[in-house]
Protein chains: 2
Amino acid sequence: MPEAEKSVGLVSLQYHTIEEKIKFESGVEFGPITVAYETYGQLNEKKDNAILVIHALTGDAHAAGYRSETDTKPGWWDKLIGPDKAFDTNKYYVICTNILGGCSGTTGPSSINPETNQPYGTTFPVFTIEDTVRVQKKLLDYLGIESLYSVAGGSMGGMQAIQFVISYPEMVKSAILIATTSRLSPQAIAFNAVGRNSIISDPNWNGGNYYNSENKPDRGLSNARMIGHITYLCEEAMYNKFGRKLQNKDHYDFNFDVDFQVESYLQHQGQIFVDRFDANSYLYITKAVDYFDPEEKYGSLTNAFKNSSAKFLVISFDSDWLFPSYQSKEIVSALMNLSKDVSYCEIKSPCGHDAFLLEYDVQSKIIKSFLNDNIEEVKNE
Amino acid sequence: MPEAEKSVGLVSLQYHTIEEKIKFESGVEFGPITVAYETYGQLNEKKDNAILVIHALTGDAHAAGYRSETDTKPGWWDKLIGPDKAFDTNKYYVICTNILGGCSGTTGPSSINPETNQPYGTTFPVFTIEDTVRVQKKLLDYLGIESLYSVAGGSMGGMQAIQFVISYPEMVKSAILIATTSRLSPQAIAFNAVGRNSIISDPNWNGGNYYNSENKPDRGLSNARMIGHITYLCEEAMYNKFGRKLQNKDHYDFNFDVDFQVESYLQHQGQIFVDRFDANSYLYITKAVDYFDPEEKYGSLTNAFKNSSAKFLVISFDSDWLFPSYQSKEIVSALMNLSKDVSYCEIKSPCGHDAFLLEYDVQSKIIKSFLNDNIEEVKNE
């Protein structure tokens with residue numbers, strides 16, 4: 001843990017188990033569910049300074065701070081969460097949970113089914129984004145939090161933030177929706193589908209029963225991650241980062257080893273991913289993402305948001321081609337149709353979809369200002 | 001074979017074997033190579049009316065006409081090749097070969113190595129786009145063709161057309177480069193790399209030795225094709241074709257079967273592909289495509305084209321994000337720097353990269369006009 005840095009410091013993963021069964025959108029009743037979460041800052045007496053921060057597809061509850069004194073890598077949104085940072089832990093009580101179905105502490109397909117003492121595998125019920133926020137709501141109930149100062153998330157985290165506002169409109173004072181969408185394009189569904197297909201067609205996946213095997217569906221999962229990574233970057237980012245540069249060589253190898261840096265990068269990303277993520281979790285979570293479509297479910301996005309009295313901040317990145325800016329603008333339009341208080345900012349960035357995890361300067365200012373209620377003068381710098 | 005249609009009619013695949021070994025760009029000497037090809041129209045006495053048409057990544061030599069009386073599906077560019085069509089077989093002698101390393105008649109990794117009586121598999125040498133046009137040149141030599149009225153191709157076919165002009169500048173009177181590029185972007189390399197990785201990580205690939213096995217790397221190849229197909233379409237095409245429509249159902253299935261039409265389409269494309277294409281050929285040909293980079297090889301694109309006296313027609317499609325228009329414009333700029341005779345047209349189309357196989361009306365007019373030397377008034381309609 002680097003010293004003399006503004007940080008929430010040492011943090012530890014906490015757990016809460018929801019003992020009663022929860023009815024999922026599919027109709028299945030499921031439980032118990034253990035929720036893994038971290039918190040930063042202090043809940044005030046009125047319990048009205050809580051901010052729920054929600055992670056993206058392969059994230060976890062470790063959004064800020066360090067897990068140990070020797071830890072060098074802080075949480076995934078550490079640049080935004082901490083004393084005097086955008087999510088100012090001197091003021092706010094920030095909560096981040098691992099998603100339902102995940103593999104970083106919250107109950108998911110790799111968890112042990114207490115009825116069988118075996119991992120759930122594909123007996124785990126398919127769930128939706130609505131189900132994931134239902135679980136988060138149960139945690140907030142447990143923490144005695146009846147009102148959220150804000151709910152914030154990037155990418156899939158933003159989709160959950162949207163659903164939180166829709167499911168619990170009375171509870172949310174503001175929402176920060178970053179690099180997100182109210183529904184995936186067919187192209188984005190296609191990428192997820194090929195990723196899942198890659199896992200399912202790995203013989204080691206074995207119908208989802210691989211937890212007791214030495215051979216995991218690592219190749220399938222790695223491939224899925226490689227596909228995902230292409231969509232998180234953008235052409236400009238790839239030119240800036242790799243161009244057509246070769247990897248540790250001056251000439252082509254004339255074989256099927258890695259020639260280009262971009263190949264090496266993707267293979268590396270695939271390889272390190274399998275050490276931290278569960279293939280079945282990837283299947284379930286991408287399916288929930290594909291299913292998310294409040295416009296379809298509530299008749300229109302306007303109808304979906306109609307009971308909300310929250311203020312909204314919507315941020316997109318111009319080079320994000322996975323969830324392009326026009327999708328953020330659709331959210332903004334729906335909110336404007338309802339005369340909701342909404343601010344929108346498209347940030348110029350060469351970082352593609354990943355920008356929500358990379359472009360901190362502008363994001364910090366905008367979010368800080370929004371949370372401080374000074375949102376009129378937000379500028380795209 | 002539908003009647004009363006303007007068509008080249010019945011055609012048959014022909015073969016020519018280049019007996020002597022050819023020196024590949026890698027330094028390897030390889031042979032014999034059998035080239036599979038089709039021809040349409042008649043070679044005139046002067047032998048100066050030949051047009052070499054070159055197929056794309058997974059195409060074959062069957063560019064026009066029908067293979068039998070009962071055949072209902074014509075060759076892949078039948079709408080452009082035939083009597084009175086853009087490549088008018090009343091005037092021109094059109095030749096199309098299956099690519100070196102392919103699996104539709106020309107020697108490739110699935111061919112039998114006469115020295116071992118076993119399929120080459122991965123003992124087949126890695127080749128380049130330059131090697132593929134070297135093989136085509138040998139066929140033209142055999143046919144007694146010393147001059148090409150034109151060389152034309154879309155996508156990878158266009159890359160070969162570029163290389164043909166570079167390798168044999170004295171031979172080419174005109175070149176038609178459609179939906180192509182002088183070098184892949186890192187993003188396009190990334191997609192190819194993931195496709196190859198998908199094949200190589202399929203246990204049935206077995207180091208490329210699967211020809212005598214019952215189990216082929218169909219799952220890996222199918223996945224690679226699915227990835228490819230996403231890049232051949234564009235977001236607009238996917239919205240038009242599929243949107244978020246479900247496949248034969250009104251509600252989500254809450255399992256990992258296909259839910260969306262776009263998933264079903266991609267799976268179908270993957271499944272039918274494995275019946276007609278060889279996984280090793282996919283590896284070799286995508287590698288040749290990744291390696292193609294005349295700018296790197298000749299110092300600049302301008303230098304690469306400097307010996308050419310051909311007229312050029314360059315066509316791109318505005319929705320093509322695999323080989324975007326800016327890449328065609330780079331080719332045009334290089335040719336303009338050399339004061340070459342070059343026409344460029346960006347066609348508006350919602351079809352993405354696939355447009356070169358779908359948008360025939362405008363392409364026909366432009367190509368016909370170009371070949372008739374009336375290229376001044378070409379308009380983007």
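Through which surface do the copies meet, judging by the interface residues of chain B and chain A? In this predicted model, 100% of the interface residues of chain B are also interface residues in chain A, so the copies meet through the same surface.

**Figure 1. The interface of chain B with chain A.** Contacts link 41 residues of chain B to 41 residues of chain A. On the side of chain B that touches chain A, the elements contributing two or more residues are α3 (186–200), α4 (218–232), α5 (235–241), α6 (261–274) and α7 (279–291) of chain B. The largest share, 11 residues, is supplied by α3(B). By residue type, this side of chain B comprises 23 nonpolar, nine polar and nine charged residues.

**Figure 2. The relation between the two chains.**

**Figure 3. The loop between α3 and α4 of chain A.** Pro203(A) is situated in the loop that runs between α3 (186–200) and α4 (218–232) of chain A. Pro203(A) counts as partly exposed because it has 14 C-beta neighbours inside 10 Å, a residue being buried at 20 or more and exposed at 12 or fewer. Asn215(A) is 12 residues away from Pro203(A) along the chain, and their C-alpha atoms are separated by 9.4 Å.

**Figure 4. Surroundings of Val53(B) in the largest nonpolar core.** This core has 246 residues, of which Val53(A) and Val53(B) touch the most other members. Beyond its neighbours within four places in sequence, Val53(B) contacts Ala63(B), Trp77(B), Ile81(B), Phe87(B), Val94(B), Ile95(B), Cys96(B), Ala152(B) and Gly153(B). In soluble globular proteins, nonpolar side chains tend to be buried together.

**Figure 5. Helix α11 of chain A and its cover.** The 12 residues of helix α11 (residues 360–371) of chain A should span 16 Å at 1.5 Å a residue, and the end C-alpha atoms are 16 Å apart, in agreement with that value. The buried residues of α11(A) are Gln363(A), Ile366(A), Ile367(A), Phe370(A) and Leu371(A). Seen down the axis of α11(A), these buried residues fall within an arc of 125°, so they line one face of the helix. An α-helix has 3.6 residues a turn, so residues three or four places apart point the same way. The cover over the buried residues of α11(A) includes β11 (150–154), β12 (174–178), β13 (311–317) and β14 (342–347) of chain A. Just after the helix, Asp373(A) adopts a positive phi of about 75°.

Figure 6. Gly31(A) and Pro32(A) are joined by a cis peptide bond with omega of about -5°. Pro32(A) belongs to the loop between β3 (29–30) and β4 (33–40) of chain A. In chain B, a cis peptide bond with omega of about -5° joins Gly31(B) and Pro32(B), and Pro32(B) is placed in the loop between β3 (29–30) and β4 (33–40) of that chain.

Figure 7. Most residues other than glycine have a negative phi. Asn117(A), a residue other than glycine, has a positive phi near 60° and occupies the loop between β9 (112–113) and β10 (118–119) of chain A. With 7 C-beta neighbours inside 10 Å, Asn117(A) counts as exposed. Ser339(B), also not a glycine, has a positive phi of about 55°. The loop between α10 (325–337) and β14 (342–347) of chain B contains Ser339(B), which counts as exposed with 7 C-beta neighbours inside 10 Å.

Key: Residues numbered from 1 in each chain as written. Chains lettered and ligands numbered in written order. Predicted model: local features only at pLDDT ≥ 70, side-chain atom pairs only at ≥ 80, totals over all residues. Helix = DSSP H or I, 4+ residues; strand = E, 2+ residues; numbered from the N terminus. Core = buried A, V, L, I, M, F, W, Y, C linked by C-beta atoms within 7 Å. Contact = placed C-beta atoms within 7 Å. Expected span 1.5 Å × (residues − 1). Arc of directions from axis to C-beta. Nonpolar A, V, L, I, M, F, W, Y, C, P; charged D, E, K, R; others polar.
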